[in-house]
Amino acid sequence: MVEYNHREIEEKWQKFWAKNKTFKCEADHSKPKYYVLDMFPYPSGTGLHVGHPLGYIASDIYSRYKRLKGFNVLHPMGFDAHGLPAEQHAIDTGTHPSITTDKNIKRYREQLDRIGFSYDWDREVRTSDPKYYKWTQWTFIQLFKHWYNKKTDKAELIEDLVKEFETKGNAETDAVVTPYWYKSINKNLFPFEEDREGIFTADEWKDMTEKQKQEMLMNYRLAYLSDTMVNWCSALGTVLANDEVKDCFSERGGHPVERKLMKQWSLRVSAYAQRLLDGLDKIDWFESLKEMQRYWIGRSEGGAVFFIIKGFEDKLEVFTTRPDTLWGATFMVLAPEHELVEKITTPDRKEAVMKYVECAKNRSERERQAETKKITGEFTGAYGINPVNGEKIPIWIADYVLTGYGTGAIMAVPAHDSRDFAFARHFNLPIIQVVVKEGEQPTDTQTWEDSYDSKEGKMINSGFINGLDVKDAIKSTIKYLEENELGYDTVNYRLRDAIFSRQRYWGEPFPIYYKDGMPYALDENKLPLELPEVDKYLPTETGEPPLARAENWVTEDGYPLETNTMPGFAGSSGYYLRYMDSRNEKEYFSREANEYWRDIDLYLGGDEHATGHLIYARFWNMFLYDLGLVCEEEPFKKLINQGKIQGISNIANVVNIESVSHSIELFRPPEDINKIITYILPPEISLPNCLSIRMPIEFINFENGKYFLTESNLKKIKLKYPKYNNYEIASHEDIEDTWKFFYNEPFDDYTKAYFINKEVELKPLVEKMSKTFYNVINPDDLIEKYGADTFRMYEMFLGPLENHKPWDTKGIEGVYRFIKKLWRLFYDEKGKLIVIDDKPNEKELKVLHQTIRKIQEDIERFSFNTAVSQFMICVNELTDLKCHKKEILEKLIVLLSPYAPHIAEELWSVLGNEPGISYVAFTEFNEEYIKENTFEYPVSFNGKMRFKLELPVDMSKDDIEKAVLAEEKSQKYIAGKQVRKVIVVPKKIINVVV
RNA sequence: GCGGAUGUGGCGGAAUUGGUAGACGCGCCAGACUUAGGAUCUGGUGCCGCAAGGCGUGGGGGUUCGAGUCCCUUCAUCCGCACCA
């Protein structure tokens with residue numbers, strides 16, 4: 001081979017790997033396992049851009065490295081194939097989403113294969129494949145059949161719960177249930193009085209009808225159906241999860257979202273809140289990511305306190321993190337949606353209160369958010385009795401209390417909470433100080449401008465806890481409340497149950513049918529329940545989900561099947577388990593497979609999954625752990641978020657000549673109204689109504705650090721993107737008149753210089769890489785030009801894996817030069833192999849072993865960019881040494897093979913080895929080769945480095961000191977001054993203090 | 001407002017444990033080869049200065065023989081959350 005030819009080499013070895021199934025892996029107990037996983041992609045229609053493979057390359061390098069280190073590596077890939085874009089495309093074109101999805105997957109696969117990844121494709125999963133989603137449905141059935149027992153702190157069978165009900169009723173049951181289910185449950189189905197708080201006896205259970213029993217059990221199931229306030233997106237015809245909604249608009253598509261009450265399937269994720277929180281301490285994730293999850297789970301310790309409502313039987317339960325401040329509670333506030341509002345409001349307040357409630361209900365979250373500063377509320381006319389001092393305090397309703405958090409009711413302590421304070425001031429309610437800091441005196445609350453921080457201090461105005469420390473006061477108050485049955489110690493979580501229904505077509509059907517209006521799970525042997533064909537992918541005329549269009553969407557016995565489908569995160573919550581045994585038709589995965597592969601040793605993906613996928617998948621895994629199906633409670637031992645690669649958009653400064661004409665009543669109106677020209681101006685020239693427009697990056701030239709658009713490229717742009725048809729690069733004459741008119745000065749020579757050659761400069765802007773910004777760089781073109789090895793190394797060379805960084809194609813040349821330079825160590829200009837068998841010398845061995853050490857250290861700490869630098873240093877030095885020795889080069893390419901596998905395989909076989917560098921042993925590091933006899937000490941005076949001095953490494957500190965002071969060059973810096981101290985750090989530094 | 005992260009040349013970045021700041025690459029400058037150069041090779045390149053030398057890791061202060069690294073303070077940018085009781 002004359003020249004380095006990446007096309008030939010890469011195609012050759014990719015074929016070789018595929019043909020030999022080089023990366024197929026099986027459980028092998030003679031080797032330690034290592035499981036490396038990438039978050040699988042959604043195969044979009046636009047294919048991969050350069051940002052996508054960043055994490056895949058890093059994980060592939062790590063996988064290949066681990067293989068060289070003797071590990072049995074599981075490194076699979078698959079596709080998150082359900083999703084909205086394919087469905088939207090189906091709605092628009094009538095093409096079945098599976099056809100679109102298959103096509104997109106095929107394209108992704110081609111692109112991935114060209115980068116040379118070492119995936120075991122035999123284990124590929126696709127979430128939309130019935131063979132895969134059979135197990136998603138199966139897991140759902142298990143969730144439906146289980147409840148959470150707080151006594152054993154795990155999920156247990158509903159059958160066992162039924163047995164308990166049959167013998168003892170539910171008085172002793174300690175389960176995670178839907179809060180206050182007994183208040184909202186249909187009275188016909190559950191005929192007991194409200195003050196029973198949902199407690200029934202064994203006999204009462206036995207007397208219930210089948211339907212009543214099912215209704216009751218629904219409050220316990222881990223997958224349950226309930227009326228839920230949801231984010232309804234009418235444009236998409238579906239419900240969205242909180243994290244799929246951004247500022248009241250859908251994250252995908254940007255359609256408006258409103259709140260609506262609907263019957264929805266939910267997963268009782270909240271049952272696992274504490275375990276999800278505790279588990280974070282056992283796993284190696286970025287601290288920032290753990291913090292996000294901790295915040296999302298939102299544990300807060302505190303107390304529940306009962307307030308009697310004056311004149312009613314009802315107790316009003318509130319949650320507070322500061323029960324010690326009870327004596328400072330001067331009013332109460334309910335959320336407008338609170339179920340007691342209507343009941344307790346006095347007739348004279350009814351109109352105002354109902355108006356407020358109505359108003360709050362109809363206001364979108366966005367409006368509520370926008371008015372955070374505005375204080376609103378209404379007095380209900382009712383009073384609560386403070387349980388610690390019997391004080392009568394007014395009950396208000398206000399927006400700032402949320403239904404979904406705590407009990408939807410608070411005791412307001414205006415002296416020590418800023419929102420309560422603002423509310424009290426606004427409505428002129430009393431403010432009582434109950435905490436004072438050490439060494440301070442209480443002051444008149446009338447004079448305050450804001451609430452007083454009460455995290456630390458002593459209690460005042462607080463009955464029997466006066467004088468106590470905040471910490472002790474909390475304990476004492478809770479003890480008192482519990483002893484007098486006025487409240488109890490409790491913990492609250494922000495984490496909500498996950499809504500699991502989507503009114504869409506392209507998702508997993510629920511394995512659920514309805515009998516007498518109640519849902520039942522299908523038999524497991526009926527799975528998978530395959531997605532039916534429909535005539536259109538839209539909701540029905542009556543607003544039912546698309547599956548309602550399917551003919552015969554009923555069980556064999558004629559019972560109607562559920563028409564909702566599962567959300568995107570259903571299929572991705574357990575895919576990592578299926579990879580362990582992905583061709584198993586009898587089980588989700590076998591016990592043996594799970595016990596061998598256990599958990600993911602390294603999980604790589606974007607941080608956008610911090611609170612969605614990574615919470616749901618942990619929940620899913622914990623549930624299967626409770627069932628004894630998986631052996632590790634936490635599925636992702638180590639997780640790294642790779643940064644996003646941003647695009648560079650090219651911004652043109654443009655002016656629409658018509659808008660200029662309008663704004664300054666300019667001459668020259670367009671002769672043909674259909675040909676209004678938009679002129680592209682140099683960035684420095686400003687005219688009224690100038691706009692910034694993004695120009696497609698593929699037609700932009702980069703010279704001398706600047707971006708340019710030429711006239712000939714503009715023509716090409718117009719051919720590809722008709723929206724630019726009326727764009728022209730402005731000539732001097734085009735805008736001379738406008739300029740003169742607007743600025744009342746001549747268009748000078750300096751400015752004229754911009755218009756030579758009809759070329760215009762564009763300004764770069766770093767932003768998200770996206771088709772809509774015309775800044776997408778496609779890996780295919782780069783691989784065609786430079787090869788996959790260069791592409792892989794360049795992506796790593798860009799910077800630390802976790803950083804977000806802009807893509808700069810220019811720098812790839814440097815890596816390409818490195819690859820070619822490496823090739824030159826093997827072949828001369830004439831294409832003659834010049835590798836020789838001579839014994840390596842000391843210098844060559846030193847470079848090699850320094851590189852071994854550095855590469856190993858860097859890869860172990862996921863510092864791939866510095867490893868690439870070291871390869872460059874090594875090749876540069878070997879080139880300088882004119883080293884063409886087989887013994888050195890062979891070891892170097894083993895080191896390099898995880899990064900640039902194709903050229904490594906090629907050169908490996910060129911040296912006469914059997915093909916298969918993927919499974920050789922990683923080159924051993926030998927300290928002997930890098931030992932030095934001397935060290936070149938940097939000598940500083942008063943901390944400033946002045947010169948270097950070479951000294952033997954075994955020289956004693958005293959001798960070094962003498963040598964430095966005797967050194968001629970030192971005299972200049974000492975210059976008659978007293979040497980106060982000489983610091984010698986062996987093999988580091990010498991510092992002389994004068 | 002709360003939580004987290006990041007600030008180092010013209011640019012991406014390096015400096016792993018307090019010990020030579022700017023590795024490696026891009027870009028730029030000069031030169032060689034060449035019909036040509038957007039190929040290749042050689043040398044240079046933090047800033048100021050002819051030099052000696054001085055100044056330099058967002059700003060200010062501190063600890064230390066010595067600080068990009070540790071502490072305090074402040075500013076800026078980015079990300080996440082947002083009336084969470």
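Residues are numbered from 1 along each chain as its sequence is written. In this predicted model, local features need pLDDT of at least 70, and side-chain atom pairs count only at pLDDT 80 or more, whereas totals for chains use all residues.

**Exercise 1.** State how many helices and strands chain A has, and what share of its residues is buried.

Solution. Begin with the secondary structure, which comes to 33 helices and 35 strands, taken as DSSP runs (H or I, at least four residues, for helices; E, at least two, for strands). Then turn to burial, meaning under 20% relative accessible area with a 1.4 Å probe, protein chains only: of the 994 residues in chain A, 53% are buried.

**Exercise 2.** Identify the buried residues of helix H9 and some of the elements that cover them.

Solution. Within helix H9 (residues 210-218), the buried residues are Gln212, Gln214, Glu215, Met216, Leu217 and Met218. Their cover, judged by contact (heavy atoms within 4.5 Å), includes helix H5 (130-144), helix H6 (158-168), strand E5 (223-233) and strand E21 (518-521).

**Exercise 3.** Find which residues form a positive surface patch, and where Lys810 lies.

Solution. The patch consists of Lys785, Lys810, Arg817 and Lys820; patch residues have over 30% relative accessible area and no salt bridge, with like charges joined within 9 Å, a salt bridge being a side-chain nitrogen of Lys or Arg within 4 Å of a carboxyl oxygen of Asp or Glu. Of these residues, Lys810 is placed in the loop between strand E31 (805-806) and helix H27 (812-826).

Notes
Chains lettered and ligands numbered in written order. Heavy atoms only, no water. Buried < 20%, exposed > 50% of the residue type's maximum accessible area, 1.4 Å probe, protein only. Patch = residues over 30% accessible without salt bridge, like charges linked within 9 Å, V, L, I, M, F, W, Y side chains within 5 Å. Areas by Shrake-Rupley, 256 points an atom, 1.4 Å probe, with all protein chains shown as cover. Lys, Arg positive; Asp, Glu negative; His and termini not counted. Charge placed at Lys NZ, Arg CZ, Asp CG, Glu CD.
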